[in-house]
Amino acid sequence: MLLIMGSGAAGHVWTLHQTPALNQAGYETVVFDNRGIAPSDVPPGKYSLADMVADTKGLIEALDLGPCRIVGTSMGAIIAQELAIGWPHLVRSAVLIATRARSDKARLAMTAADRALEESGVRLPPKYEAVRTVLEMLSPSTLNDDDVSSSWLEIFEVSRGGAAGGQAWVDTVTDRRAALRMITVPCRAIAFTDDLICPPHLVADVAEAIPDCDYVEIPDCGHLGNLERPEAVNAAIIEFLDKY
């Protein structure tokens, strides 16, 4: 099973909660760092979705994993979608977490703002970055718990993200619903009720576009639901993969 992380995060994030549960369930797991996340290469310039897909396809082929089960979150889920569209012989089944097939006005504005900040060269203070990240990525149920939110603020202030600026230009906004109708492998889309980056209505678009894709929505978590509510996320992943 190959796990594909989202933008700005290292592959080892999966090892906090997901890979131990998957290994216990009998699955062999492979995690990696996308381009732009050291120790993978951090080439200069603006990365494309095609670049990221080619990297992942090359890894599957180099390790002779295909056809493999794929679990992707956020940008990683969009990479998984593209692999299922273009190279179905490499994909046995796919779990698409916090994904989308298009962007609405609010999400388009968020992407444009992130790119403008990246191009400006401005580097925000770590404390500000931490607060912004927590507010964007976590659910109110987490934010309203002082002990838990304090821990998250400390984590994000120390980590400060790991992405090269090039990942900001990976296309996660183009409407891909027509292309998703070509997917023939079994898929499950997992949404998080309080997700501001890929809200449930956009995840539902993915499930509706992919033939026979089922949909699961997990409450009380934001875009980082795999870290906020790992037991529920792991159960949803394993229940699906045990069938496919």
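Strand S5 is joined by five bridges to strand S6 (residues 214-218), and the two run parallel; strands count as paired if DSSP finds at least two bridges between them. Helices (H or I, at least four residues) and strands (E, at least two) are DSSP runs, numbered from the N terminus. The model is predicted: local features need pLDDT of at least 70, side-chain atom pairs count only at pLDDT 80 or more, and totals for chains, interfaces and linings use all residues. Residues are numbered from 1 along each chain as its sequence is written, and side-chain values use heavy atoms, with hydrogens and water left out.

The chain passes from S5 through H9 to S6 in a right-handed β-α-β crossover, that is, with the strands pointing away from the viewer, the path from the first strand over the helix to the second runs clockwise. S5 also pairs with strand S4 (residues 91-97), in the parallel sense and over four bridges; here Ala-94 is opposite Cys-187.

Cys-198 is in the loop between S5 (187-192) and helix H9 (200-209). This residue is buried, with a relative accessible area of 3%. Not counting residues up to four places away in sequence, Cys-198 touches Ala-98, Thr-99, Arg-100, Val-203 and His-223, where contact means heavy atoms within 4.5 Å.

Note on methods: Buried means under 20% relative accessible area, exposed over 50%, partly exposed in between (1.4 Å probe, protein chains only).
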